[in-house]
Amino acid sequence: MPPASIPVSVLIPIRNEAANLPRCLASVAWAEEILVVDSQSTDGSIALATAAGAQVVQFYFNGTWPKKKNWALANLPFRHEWVLVLDADEVMPPGAAAEIGALLAADGAGCAGFWINRRFMFMGAWLRHAYYPNWNLRLFQHRLGRYEQLVHGATRSGDNEVHEHILVAGRVGRLDCAMDHYAFPSIEVFVEKHNRYSNWEARLEIEAGLKPAGRPLQSSSVDLRRRLKRWSRRLPFRPTLRFLYVYLVQRGFLDGTRGYYFARLHAFYEFMSVAKAAELRLPPATVIPPPPAEPARPAPALRSSEA
């Protein structure tokens, strides 16, 4: 299949993604339009995107909403009706062009959007059990789809959507292909990202509590996982339960040592979310005024021997 032959607009949100962007862009070279929405990168990402033929648009976050992807969906002049949303650390497989091309030729085969599965890469290999399958709705008619807004206050989690999903006005289907997700090239990156994500989780818990935070998702398995997570907020020992869920229920133990580390890190992520939610529930701290400044002391007089 010749390059740039599929009538789809690819939307890639970035900020300082020079390490990931070339791999991501190469995996969708078959798309007729690639739009990179940047947040003032300083690491050469803009030059890499431009060299690959992508159009770069700058996004300036107001601190709350809309975040980057929803802003792009509402404001960019897409050349095509169908949009594929892809993070810079995600890579589409070689067979995606043929599958997506056939679906678009059939005008979506009666669907307005499609879920795609993701394979998490962690410590150098694919986790075949922990966090797999992992479905996200990414291919859709942009006029009919927007990301849900689950949190209304400032979260200090960045300018990109965290765990929000796209809601589409119409039927949805599933792609056969699955993308690779290189979200955590190191433990340091995992900790940095989940420190920000836990800010979002804590704010969501404070605002939503045990109530549904949005419309039901258009995937029974993804919606069930969200409802279970919401229900688990009433339980004690949530970090331990998160570890057991990833390691035993999702069979992360079959991923060996990497599965154990992955489960333990998610237990710590849960602990940060719980602790930050508890911190948000505290009453505003009383501002303690600083002590009064001491009067300036006069400089000691010089002795004759020092003059």
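Solution. Let's start with the ground rules. This is a predicted model, in which local features need pLDDT of at least 70 and side-chain atom pairs count only at pLDDT 80 or more, while totals for chains, interfaces and linings use all residues. Residues are numbered from 1 along each chain as its sequence is written, and side-chain values use heavy atoms, with hydrogens and water left out.

- Step 1: the classes are buried (under 20% relative accessible area), exposed (over 50%) and partly exposed in between, with a 1.4 Å probe and protein chains only.
- Step 2: Glu81 has a relative accessible area of 24%, so it is partly exposed.

**Partners across the chain**

Find the salt-bridge partner of Glu81 and say where the two residues sit.

Solution. 
- Step 1: a salt bridge puts a side-chain nitrogen of Lys or Arg within 4 Å of a carboxyl oxygen of Asp or Glu.
- Step 2: Glu81 meets Arg143 in such a pair, at 2.9 Å from N to O.
- Step 3: Glu81 is in the loop between helix 3 and strand 4, whereas Arg143 is in the loop between strand 8 and strand 9, 62 residues apart. Here helices (H or I, at least four residues) and strands (E, at least two) are DSSP runs, numbered from the N terminus.
- Step 4: Arg143 is exposed, because its relative accessible area is 55%.

Solution. 

Solution. 
- Step 1: the side chains of Glu205 and Arg281 form one, at 3.0 Å from N to O.
- Step 2: Glu205 belongs to helix 5 and Arg281 to helix 8 (residues 256–281), so this pair ties together parts that are 76 residues apart in sequence.
- Step 3: Glu205 is buried, with a relative accessible area of 9%.
- Step 4: helix 5 (residues 187–208) also holds Ser198, which counts as buried at 0% relative accessibility.
- Step 5: leaving aside neighbours within four places in sequence, Ser198 is in contact (heavy atoms within 4.5 Å) with Tyr269, Met272, Ser273 and Lys276.

**One face of helix 6**

Work out how the buried residues of helix 6 are arranged and what covers them.

Solution. 
- Step 1: helix 6 has 12 residues and spans 16 Å from first to last C-alpha, close to the 16 Å expected at 1.5 Å a residue, where the expected span is 1.5 Å times one less than the number of residues.
- Step 2: Val222, Asp223 and Arg230 are buried in helix 6.
- Step 3: down the axis of helix 6, its buried residues fall within an arc of 95 degrees (directions from the axis to the C-beta atoms), so they line one face of the helix.
- Step 4: the cover of these buried residues includes strand 6 (113–122) and strand 8 (135–141).

Locate two cis peptide bonds and two residues with positive phi.

Solution. 
- Step 1: the bond from Trp65 to Pro66 is cis, with omega near 5 degrees, and Pro66 is in the loop between strand 3 (55–58) and helix 3 (68–75).
- Step 2: the bond from Tyr132 to Pro133 is cis too, with omega near 5 degrees; Pro133 is in the loop between strand 7 (125–126) and strand 8.
- Step 3: Ala109 is not a glycine, yet its phi is positive, at about 50 degrees; Ala109 lies in the loop between helix 4 and strand 6.
- Step 4: Arg156, also not a glycine, has a positive phi of about 55 degrees, and is exposed, with a relative accessible area of 63%.
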